[in-house]
Amino acid sequence: MKWLKQIALAGTLAMLGACAGQAPLAGSGVAAPPAEAFRLSPGDKVKIATFGEETLTGDFEVSPAGTIAFPLIGEVKAAGLQTDELSKTIEAKLGNGYLLEPKVSVQVASFRPVYVLGEVNKPGEYPYTQGLTIRGAVAKADGFTYRANEKRVFLKRAGEAGEREYEMTADFPVLPGDTIRFGERYF
């Protein structure tokens with residue numbers, strides 16, 4: 001019965017965190033970063049479909065320069081855009097002398113990986129899956145070492161200059177390109 005109460009409490013805390021736009025934390029006031037709308041970055045792969053144009057449909061990778069090479073229109077800036085923004089950009093360029101009223105859809109085919117470092121059994125690069133949390137990332141890295149500080153996590157988001165320290169919760173969100181580091185505990 002005790003575990004049932006814990007599950008109910010965890011669900012309530014998760015709902016409260018979702019309503020506030022951030023993960024709930026136990027007392028320290030150091031909020032986890034809110035889950036942001038996904039924006040494309042170098043290393044992401046997208047599937048672009050142009051309705052009625054099989055030759056303008058395929059998989060494309062965002063280059064280190066933040067662009068994709070698209071047939072007919074050349075390099076298109078993709079980094080920093082959401083998928084719907086990229087589809088509108090491609091539609092506008094194709095509609096400028098190439099196609100009449102083009103319809104383009106963009107979906108993410110694969111995300112850039114996450115990096116799990118520090119006091120885990122198998123540090124390294126792991127594929128990102130939607131809905132990934134810190135606990136899921138630890139599980140991918142075969143769990144904590146016996147020296148791990150399981151209460152704090154150091155996180156560097158893609159595009160940020162440095163890492164930040166956060167209190168760790170089970171539903172702490174992970175985004176593509178994140179670098180997650182676990183430090184040692186002292187006692």
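# Report on the predicted fold

D142 has a relative accessible area of 41% and is therefore partly exposed, a class that lies between buried (under 20%) and exposed (over 50%), computed with a 1.4 Å probe on protein chains only. The structure is a predicted model, in which local features need pLDDT of at least 70 and side-chain atom pairs count only at pLDDT 80 or more, while totals for chains, interfaces and linings use all residues. Residues are numbered from 1 along each chain as its sequence is written, and side-chain values use heavy atoms, with hydrogens and water left out.

**Confidence and overall content**

The mean pLDDT (the predictor's confidence in each residue, from 0 to 100) of the protein chain is 82, and 80% of its residues reach 70 or more. Over residues 1-31, however, the pLDDT is below 50, and this stretch makes 29 contacts in the model beyond near neighbours in sequence; a contact means heavy atoms within 4.5 Å. Of the contacts in the protein chain with a separation of 6 or more, 49% join residues 24 or more positions apart.

The protein chain contains three helices and 10 strands, defined as DSSP runs numbered from the N terminus (helices: H or I, at least four residues; strands: E, at least two). Of the 187 residues, 35% count as buried. The accessible surface, from the Shrake-Rupley method with a 1.4 Å probe and, for residues, with only the protein chains shown as cover, comes to about 11000 Å², and carbon and sulfur atoms contribute 57% of this.

An open sheet is built from three strands in the order 2-1-5, with antiparallel pairing; two strands pair if DSSP finds at least two bridges between them. Strand 2 (58-61) and strand 5 (104-110) form the edges, each pairing on one side only. From one strand to the next the twist averages 30 degrees. Six bridges link strand 1 (residues 45-50) to strand 5, and T50 has V104 as its bridge partner in strand 5. Helix 2 (residues 83-94) lies across strand 1 and strand 5 and runs at about 135 degrees to strand 5; axes are lines fitted to C-alpha atoms, for helices over the stretch in contact, and angles run from 0 to 180 degrees between N-to-C directions.

V106 belongs to strand 5. Not counting residues up to four places away in sequence, V106 touches V46, K47, I48, T83, L86 and S87. Its C-alpha atom is separated by 9.7 Å from that of D59, 47 residues apart along the chain.

**Nonpolar cores**

A nonpolar core is a set of buried Ala, Val, Leu, Ile, Met, Phe, Trp, Tyr and Cys residues joined through side-chain atoms within 4.5 Å. The largest has 21 residues, of which V116, I134, F144, V153, I180 and F182 touch the most other members. Strand 6 (114-118), helix 3 (134-140), strand 8 (152-156) and strand 10 (179-182) each supply at least two residues of this core, and the largest share, three residues, comes from helix 3. A second, separate core of 18 residues includes V46, L56, V76 and A78.

**Positive phi and accessibility**

E101, in the loop between helix 2 and strand 5, has a positive phi of about 45 degrees although it is not a glycine. D142, in the loop between helix 3 and strand 8, is likewise a residue other than glycine with positive phi, near 60 degrees.

| Residue | Relative accessibility and class |
|---|---|
| V106 | 10%, buried |
| E101 | 69%, exposed |
| D142 | 41%, partly exposed |
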